Amino acid sequence: MDKIQHKYVDARGLKLHIAEIGTGDQVVVFLHGFPEIWYSWRHQMIAVANAGYRAIAPDFRGYGLSEIPQEPENSTFLDLVHDLAAIFDSLAISKAFVIGKDFGASTAYQFAILHPERVIGVVTCGIPYVAPGGFQRFFSLVPEGFYISRWRQPVGRAEADFGRLAVKNVVRNIYVLFSKSELPIAEAGKEIMDLVDESHPLPSWFTEEDLSAYAAHYEKSGFRTALQVPYRALEARFPTSNPIVKAPTLLIMGGKDYILKLPGMEEYITSGAVKEHVPDLEVKFLPEGSHFVQEQNPDEVNVLIITFLKKYV
């Protein structure tokens with residue numbers, strides 16, 4: 001961890017934080033999810049650097065140590081794609097592997113669609129490719145209390161729910177919820193934070209030190225941007241009529257990832273339907289893995305990633 005360097009780049013008028021390790025000619029860019037920051041890729045960054053690659057992990061706009069946009073409520077996934085292109089330009093990266101988890105996976109896919117000439121290959125954890133507007137098909141089949149449905153609501157409800165707790169406890173609760181195999185769904189009259197008892201232990205692979213690292217960053221950034229992107233920006237228009245990921249792609253899913261409990265999601269992946277938009281796709285399941293598979297099973301994920309990288313160098 002001490003060997004990971006930190007810097008800032010100017011991207012489209014924002015000062016974005018970058019973590020970096022390794023000096024190889026081939027670059028691997030890691031994109032975090034929620035409630036994560038660059039730190040969620042710590043195990044993989046060190047592993048790929050040791051394998052001879054240059055590893056880079058930004059904090060998205062409004063996350064971690066990156067600057068918060070003046071109007072975060074206007075941010076979209078397309079902004080993240082444009083920010084990533086600006087990071088490539090600032091760091092003189094012509095082409096790279098792009099690895100994403102959770103909504104970082106969605107950004108990786110979108111970047112590969114809009115900038116195919118800059119992507120060698122894509123690896124994603126926890127989220128398959130879903131065509132623009134397609135997530136609504138899955139969300140429409142779950143109860144109103146589903147956490148994404150709640151957090152997508154206009155400004156107010158989620159902020160009030162989070163605001164009852166210290167930032168550290170919000171992050172703790174989300175890690176507990178998202179590491180389970182069931183969809184986080186609140187009953188009527190309850191909020192998402194009510195789903196976790198404060199006495200519930202952290203996952204065995206997530207330490208108090210890890211929690212403190214995340215909390216320190218969210219205490220700085222808050223959740224204002226995080227609730228906008230991904231949640232409130234999920235159905236924003238995407239500017240292409242042919243959303244095909246042409247780059248070779250590896251999808252790593254935990255067998256106990258709650259995402260698989262979305263009605264139709266597991267079948268969408270295992271039936272091969274996902275390959276309609278990602279034709280050169282390989283899927284790997286880690287049977288005991290949760291939504292945080294790269295933190296829970298770092299050694300297994302590292303092997304899968306490095307094996308994939310070596311195939312396309």
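## Getting oriented

Two strands count as paired if DSSP finds at least two bridges between them. Strands themselves are DSSP runs of E with at least two residues, helices are runs of H or I with at least four, and both are numbered from the N terminus. In β5, the bridge partner of V28 is F97.

This is a predicted model, in which local features need pLDDT of at least 70 and side-chain atom pairs count only at pLDDT 80 or more, while totals for chains, interfaces and linings use all residues. Residues are numbered from 1 along each chain as its sequence is written, and side-chain values use heavy atoms, with hydrogens and water left out.

## The sheet

Eight strands form an open sheet in the order β1-β2-β4-β3-β5-β6-β7-β8, with mixed pairing. At the edges stand β1 (5-11) and β8 (281-286); each has a single partner strand, so one side of each lacks a neighbour in the sheet.

Let's look at β5 (residues 96-101). Here 6 of the 6 residues are buried, so the strand is largely enclosed by the rest of the structure; buried means under 20% relative accessible area, with a 1.4 Å probe and protein chains only. A96, V98 and G100 point one way, while F97, I99 and K101 point the other. In a regular strand, side chains alternate between the two faces of the sheet.

β5 pairs in the parallel sense with β3 (residues 27-31) over 4 bridges, and also with β6 (residues 119-125), over 6 bridges. F97 has G121 as its bridge partner in β6.

How values were computed
Buried < 20%, exposed > 50% of the residue type's maximum accessible area, 1.4 Å probe, protein only.
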